[in-house]
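This report describes selected strands, salt bridges and a pocket. The sequence and structure come next.

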Amino acid sequence: MSGYDAGPVALVRSALVGAGLPDTVRTFAAGVPTALAAAEALGCDVAAITNSLVFELDGRPLLILASGAARVDTKLVSGQLGHGRIRRASPDFVLEHTGQQVGGVAPVGHPAPIKTLLDSSLQAHEVLWAGAGDHNSMFSITYQQLLRMTAARELSVR
């Protein structure tokens with residue numbers, strides 16, 4: 001069975017274990033499709049929720065891992081990157097490049113590597129929670145583990 005056929009949550013679990021991290025995926029029957037819903041289900045600050053937001057930059061995917069309390073300033077990010085116009089990707093574009101649907105996108109477990117930026121404000125939290133590939137699953141990770149695992153570039157996104 002190819003990894004892609006295993007389902008998005010299984011791919012996230014595999015990515016965690018493959019990076020030498022524990023499988024911390026938790027599944028919630030009621031679903032956690034938003035940062036606020038996830039924070040309520042987990043009993044944590046919404047700022048510790050790591051939203052995996054897919055944008056389109058020059059026709060390619062750009063994954064921004066942003067605090068659930070932040071609104072990404074695409075002009076600021078574009079200026080720091082030094083090129084291109086960043087725009088929100090369509091649900092079909094997101095699914096094509098991540099294998100995951102909007103509202104459940106994880107920072108890992110994609111069919112191919114995606115250029116990733118990590119919101120530097122997230123380092124204020126001891127434990128982060130990120131989507132685990134569907135609307136019902138989240139996993140915990142530290143900022144440094146997430147940075148290493150995604151090979152992200154740290155950036156202020158707001």
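## Strand β5 and its neighbours

Leu118 stands opposite Glu154 in β8. These two residues belong to a pairing between β5 and strand β8 (residues 153-155), which is parallel and has three bridges. Two strands are said to pair if DSSP finds at least two bridges between them. Strands (E, at least two residues) and helices (H or I, at least four) are DSSP runs, numbered from the N terminus.

Strand β3 (residues 60-67) also pairs with β5 in the parallel sense, over four bridges. Here Leu62 is opposite Lys115 in β5. Four of the five residues of strand β5 (residues 115-119) are buried, so the strand is largely enclosed by the rest of the structure. Buried means under 20% relative accessible area, exposed means over 50%, and partly exposed lies in between (1.4 Å probe, protein chains only).

## Basis of the model

The model is predicted: local features need pLDDT of at least 70, side-chain atom pairs count only at pLDDT 80 or more, and totals for chains, interfaces and linings use all residues. Residues are numbered from 1 along each chain as its sequence is written, and side-chain values use heavy atoms, with hydrogens and water left out.

Strand β6 (residues 128-131) pairs with β7 in the antiparallel sense over four bridges, and Leu128 has Ile141 as its bridge partner in β7. The two strands β6 and β7 form a hairpin with five residues between them, and Gly133 in the turn has a positive phi of about 110°. Strand β1 (residues 26-27) is antiparallel to β7 and joined to it by two bridges. Thr27 has Ser137 as its bridge partner in β7.

## Salt bridges

How many salt bridges does the structure hold? There are two salt bridges, each a side-chain nitrogen of Lys or Arg within 4 Å of a carboxyl oxygen of Asp or Glu. One joins the side chains of Arg13 and Asp23 (2.7 Å, N to O). Arg13 lies in helix α1 (residues 8-18) and Asp23 in the loop between α1 and β1, so the pair ties together parts that are ten residues apart in sequence. Arg13 is partly exposed at 29% relative accessibility, and Asp23 is partly exposed at 37%.

A salt bridge also joins the side chains of Glu56 and Arg87 (3.4 Å, N to O). Glu56 is in strand β2 (residues 49-57) and Arg87 in strand β4 (residues 86-88), so this pair ties together parts that are 31 residues apart in sequence. Glu56 counts as buried at 15% relative accessibility, whereas Arg87 counts as partly exposed at 40%.

## The largest pocket

The largest pocket holds about 340 Å³ of space. Of the 23 residues that line the largest pocket, Pro33, Asn51, Ser52, Leu53 and Gly103 are the closest to its centre. Two or more lining residues come from each of α2 (35-42), β2, β6 and β7. Strand β2 gives the largest share of the lining, six residues.

On a 1 Å grid over the protein atoms alone, a pocket is an open set of points where a 1.4 Å probe fits, with protein on both sides within 12 Å along at least five of seven lines; lining residues have an atom within 4 Å of a point. The volume is the space filled by probe spheres set on the points, which are joined across faces, edges and corners. By type, the lining has 13 nonpolar, eight polar and two charged residues. Ala, Val, Leu, Ile, Met, Phe, Trp, Tyr, Cys and Pro count as nonpolar, Asp, Glu, Lys and Arg as charged, and the others, Gly among them, as polar.
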